[in-house]
Amino acid sequence: MSGSLHLGDFTSAANVYGAGGMPRYYGDALVASAASDPRVVALGADLSAPTETDVIRDAMPDRFFMVGIQEANLIGVASGMAKMGDIPFANSFSVFLTRRCYDQIAMQVAYPKANVKLAGFLPGLSTLLGVSHQAIDDIALMRALPNMTIIEPGGPDQIVPAVKAAIEIDGPVYLRLQRADRPLQKDQTLPPFELGKAQTLKDGADVAIVASGLMIGQARQAATKLSKRGISTAVVNLHTIKPLDRNAITQWARRCQLIVTAENHSIIGGLGSAVAEVLAEENAGARLVRVGLKDRFAEGGSLPYLLQKYRMSADAIVEAVVEAS
Amino acid sequence: MASNLEQIANWIRRRDLQSVYEAGAGHVGGEMSVIDILTALYFRILSVNPEQPQDPDRDRLVLSKGHTANALYVVLAKRGFIPQDEISTFLKPMSRLNGHPNRTKVPGIETNTGPLGHGLPVAVGMAKAAKLDKAAWRTFVITGDGEMQEGSNWEAIMAAAQFGLDNLTLIIDHNRLQQGARLLDTNNLAPFAPKLEAFGWAVEEIDGHDMDAICAALSSETVVKGKPKCVVAHTNKGQGISFMSDNVAWHHKVPDSVQYEQAMKELEGTAS
């Protein structure tokens with residue numbers, strides 16, 4: 001079993017790697033946004049360091065408000081501030097931010113189109129802490145809400161354009177964020193994305209892997225391995241899960257005989273379901289294989305271990321493609 | 001001073017009753033209990049302008065007990081936010097006067113409510129935003145007493161005290177009845193005052209049908225600096241109509257024609 005086992009979930013990554021040694025894309029983007037736009041404020045429900053809101057708390061204390069460990073009230077307060085013209089970012093772990101207060105999000109954010117930005121961390125299996133902390137249905141929940149935009153950046157550095165895009169949208173946005181747990185290597189960086197437009201990271205003619213979030217890394221590794229086997233494989237970053245770039249999905253399905261979705265989420269209700277709906281409705285022809293958590297809860301463990309166990313690793317994607325080809 | 005308000009409240013009660021009767025649905029009991037409070041707010045306390053419902057300096061009212069929306073619609077119509085003719089569209093197809101209030105449809109409505117326990121957290125956010133802007137306007141929120149069983153209210157109560165929101169006033173419409181039974185027989189939170197005080201709020205208890213008492217308790221002169229304020233308004237569900245008053249059956253029961261005539265006669269009898 002490889003991979004980091006540090007308990008970074010509850011610490012600021014800077015504390016683990018030494019102050020200044022770790023990029024804090026979200027925390028810095030929030031401060032930069034608040035500095036340039038007086039409407040931007042941040043709200044916390046404890047968990048300041050693991051949501052990187054300690055950055056704005058310390059840099060701009062008059063723009064950060066801590067409500068305490070109370071997610072339902074967090075959403076209500078954010079909605080109230082949004083209705084008065086502020087742009088509140090409500091921060092917590094994805095699992096608490098979406099599941100615990102779904103009724104409040106539906107009625108006080110989505111229905112009245114309140115200009116609230118929900119910033120959720122620890123997506124999917126990206127935590128050691130087990131099922132209670134693993135958001136495996138957050139995209140499904142947010143996708144079912146009218147008026148909600150969902151953005152999952154393809155990598156930590158894409159958090160910067162994601163925050164910018166969220167502010168430019170006049171309405172509710174769910175940001176599904178994974179923090180950098182180490183400085184990014186050159187081959188891990190991604191160009192900025194355009195909201196609502198699927199981003200082609202690698203071209204290919206036989207198979208298109210449509211992925212989001214941390215599965216982008218697995219998809220890129222899988223594509224390299226498949227290409228070595230003579231299977232020309234594209235990698236598409238579907239960072240905007242709602243509204244979906246239906247046109248791009250349809251075009252990839254017309255071009256490639258196999259579409260593989262790869263998501264750090266249940267295969268029910270998330271990216272895979274969204275793509276399946278488009279393929280069925282457009283009668284686009286390609287076969288579909290969904291890689292993700294297959295209608296089950298996982299368990300605590302390192303990310304590499306969990307990805308391997310639940311058949312979501314790069315090797316598992318390769319095997320899925322070979323089986324379907 | 002208060003007699004004029006009492007006359008307005010009487011008119012609103014009659015119009016509300018007629019509306020529920022004609023629509024064949026509504027929450028008449030809770031509407032009768034909250035109408036005096038709404039009347040005092042809209043005709044004496046709140047700084048609002050029907051010509052400019054989005055005036056940024058207006059006071060805000062959140063009706064967290066959103067099921068009594070029809071009472072608010074009638075008040076808003078009487079105050080000039082919507083045409084009085086429109087009241088008769090309540091619950092009808094294509095009407096914007098739905099069973100629960102919608103801020104994107106009806107001028108004067110500040111917050112969509114319906115699920116209980118939502119209004120107070122939103123009001124905390126509004127009051128916090130006003131503090132952030134150093135604005136002078138106030139935020140009022142009305143909850144039902146049964147609604148205080150929702151835990152989210154107590155989250156908001158903690159946060160409001162911590163934030164020192166003296167620009168926020170919570171009015172608990174304490175009519176002792178919830179949808180299916182008495183609070184006493186369900187999950188009895190009463191007395192409210194010591195609980196709110198323990199959470200760091202300034203609290204005042206009043207007769208929620210005494211206009212002078214309501215106006216005095218909601219006046220800006222009684223604000224305690226640095227503390228959010230709770231007014232525990234002791235009310236009667238079905239107030240003003242003998243057979244509905246303090247009777248749990250009238251949470252959302254609709255009167256038949258005989259009952260309607262009798263109720264209207266009683267209300268007319270107290271109109272001056």
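Modeller: With what counts as contact: heavy atoms within 4.5 Å. By that rule, in this predicted model, the contact takes 25 residues from chain B and 23 residues from chain A.

Colleague: How much area is buried between chain B and chain A?

Modeller: About 2000 Å² is buried between chain B and chain A, and carbon and sulfur atoms give 63% of that area. On the chain B side, B:His118, B:Leu132 and B:Glu155 supply 26% of the area buried against chain A, more than any other three residues.

Colleague: Which elements of chain B give two or more residues to the side that touches chain A?

Modeller: Those elements are α4 (119-132) and α5 (151-163) of chain B. The most comes from α4(B), which gives eight residues to that side. Sorted by class, the side of chain B that touches chain A holds 12 nonpolar, eight polar and five charged residues.

Colleague: How many salt bridges are there between chain B and chain A?

Modeller: A salt bridge needs a side-chain nitrogen of Lys or Arg within 4 Å of a carboxyl oxygen of Asp or Glu. Between chain B and chain A the count is zero. Polar contacts are a separate count: between chain B and chain A there are eight residue pairs in polar contact, both residues being at pLDDT 80 or more.

Colleague: Now to chain A by itself. Into which domains is chain A divided?

Modeller: The assignment gives domain 1 (7-177) and domain 2 (196-324) of chain A. Their C-alpha centres lie 26 Å apart. An interface inside a chain can be read in the manner used for two chains. Here 28 residues of domain 1 of chain A are in contact with 32 residues of domain 2 of chain A.

Colleague: What area do domain 1 of chain A and domain 2 of chain A bury between them?

Modeller: The two domains of chain A bury about 2200 Å² between them, with 56% of it on carbon and sulfur atoms. Of the area that domain 1 of chain A buries against domain 2 of chain A, A:Leu125, A:Ile136 and A:Arg143 supply 35%, more than any other three residues.

Colleague: Which residue forms a salt bridge with A:Arg143?

Modeller: A:Glu277 does, and the closest N and O atoms of the pair are 3.0 Å apart. Between domain 1 of chain A and domain 2 of chain A the count is one salt bridge. The interface of these domains also has 18 residue pairs in polar contact, both at pLDDT 80 or more.

Colleague: Which elements of domain 1 of chain A give two or more residues to the side that touches domain 2 of chain A?

Modeller: They are α7 (138-143) and β5 (149-151) of chain A. The largest share, five residues, comes from α7(A). By class, this side of domain 1 of chain A has 15 nonpolar, eight polar and five charged residues.

Colleague: Last, the overall build. How many helices and strands does chain A have, and how many does chain B have?

Modeller: Chain A has 13 helices and 12 strands, while chain B has eight helices and five strands. Along its sequence, chain B runs α-α-β-α-α-β-α-β-α-β-α-β-α.

Colleague: What does the radius of gyration of chain A agree with?

Modeller: A compact globule of 325 residues would have a radius of gyration near 20 Å, and chain A, with 19 Å, agrees. Along the principal axes, the C-alpha atoms fill a box of roughly 55 × 40 × 35 Å for chain A and roughly 50 × 45 × 35 Å for chain B.

Definitions and conventions: Residues are numbered from 1 along each chain as its sequence is written. Chains are lettered from A and ligands numbered from 1 in the order in which they are written. This is a predicted model: local features need pLDDT of at least 70, side-chain atom pairs count only at pLDDT 80 or more; totals for chains, interfaces and linings use all residues. Side-chain values use heavy atoms; hydrogens and water are left out. Buried area is the accessible area (1.4 Å probe) that two parts lose on being put together, summed over both. A polar contact is a pair of N or O atoms within 3.5 Å; within protein, one must be able to donate a hydrogen and the other to accept it, and residues adjacent in sequence count only if both atoms are side-chain atoms. Helices (H or I, at least four residues) and strands (E, at least two) are DSSP runs, numbered from the N terminus. Ala, Val, Leu, Ile, Met, Phe, Trp, Tyr, Cys and Pro count as nonpolar, Asp, Glu, Lys and Arg as charged, and the others, Gly among them, as polar. Domain bounds come from an automatic or database domain assignment. The radius of gyration is taken over C-alpha atoms; the globule rule is 2.2 Å times the number of residues to the power 0.38.
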